[in-house]
Amino acid sequence: RAVPALKEQQKALQTLTNQNIIKEEEIVKLREQNVLIEHHVGILTAELSAAQVLVEETRLDTKKKLIVIGVAVGVGAVLAWLYMRRKPENCEENQEDDDQLEMRLAIPVPDSLECVICMEGVKE
């Protein structure tokens, strides 16, 4: 009777030993996965830092460009204002030029000229 009980105990001991070996193999695999995950986390952290640097550089570059555009628009507005301010003086000069042109346009055309298009004399 002792022999079958001993065989059952040996069988249970063997089963427990096999289970312990399986558990130890699982622990080794989990530790390897943990190392791999930590490695990937390190890589992703470095990539995130690089991306944040690029975003900050882009933000600063955009601010610089907006400032330059704002200054250019401001200078353009000042130049336009100065031009508009000078314009009435130019209008007086233009008015004198227009008066001279009107005097030139008052030249009478004789009836004896030939038509430039049809090359015929003027018909009455």
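The structure discussed here is a predicted model, in which local features need pLDDT of at least 70 and side-chain atom pairs count only at pLDDT 80 or more, while totals for chains, interfaces and linings use all residues. Residues are numbered from 1 along each chain as its sequence is written, and side-chain values use heavy atoms, with hydrogens and water left out.

The protein contains 1 helix and 0 strands; such elements are DSSP runs numbered from the N terminus, with helices being H or I runs of at least four residues and strands being E runs of at least two. Helix 1 comprises residues 2-105. Of the 124 residues in the protein, 0% are buried.

Charged side chains may be considered next. Side chains of opposite charge can pair when their charged atoms come close. A salt bridge is defined as a side-chain nitrogen of Lys or Arg within 4 Å of a carboxyl oxygen of Asp or Glu, and a search of the whole structure finds 2 of them. One joins the side chains of E56 and R59, with an N to O distance of 3.0 Å. These residues are 3 apart in helix 1, so about one helical turn separates them. E56 is partly exposed at 36% relative accessible area, and R59 is also partly exposed, at 43%.

D61 and K65 form a salt bridge whose closest N and O atoms are 3.5 Å apart. Both residues lie in helix 1, 4 residues apart, or about one turn of the helix. D61 is partly exposed, with 37% relative accessibility.

The surface also carries a nonpolar patch of about 690 Å², made by I67, V71, V75, V78, L79, W81 and L82. Patches consist of residues with over 30% relative accessible area and no salt bridge, with like charges joined within 9 Å and nonpolar side chains (Val, Leu, Ile, Met, Phe, Trp, Tyr) within 5 Å. W81 lies in helix 1 and is exposed, its relative accessible area being 52%.

Technical notes:
Buried means under 20% relative accessible area, exposed over 50%, partly exposed in between (1.4 Å probe, protein chains only). Accessible areas come from the Shrake-Rupley method with a 1.4 Å probe; for residues, only the protein chains shown count as cover.
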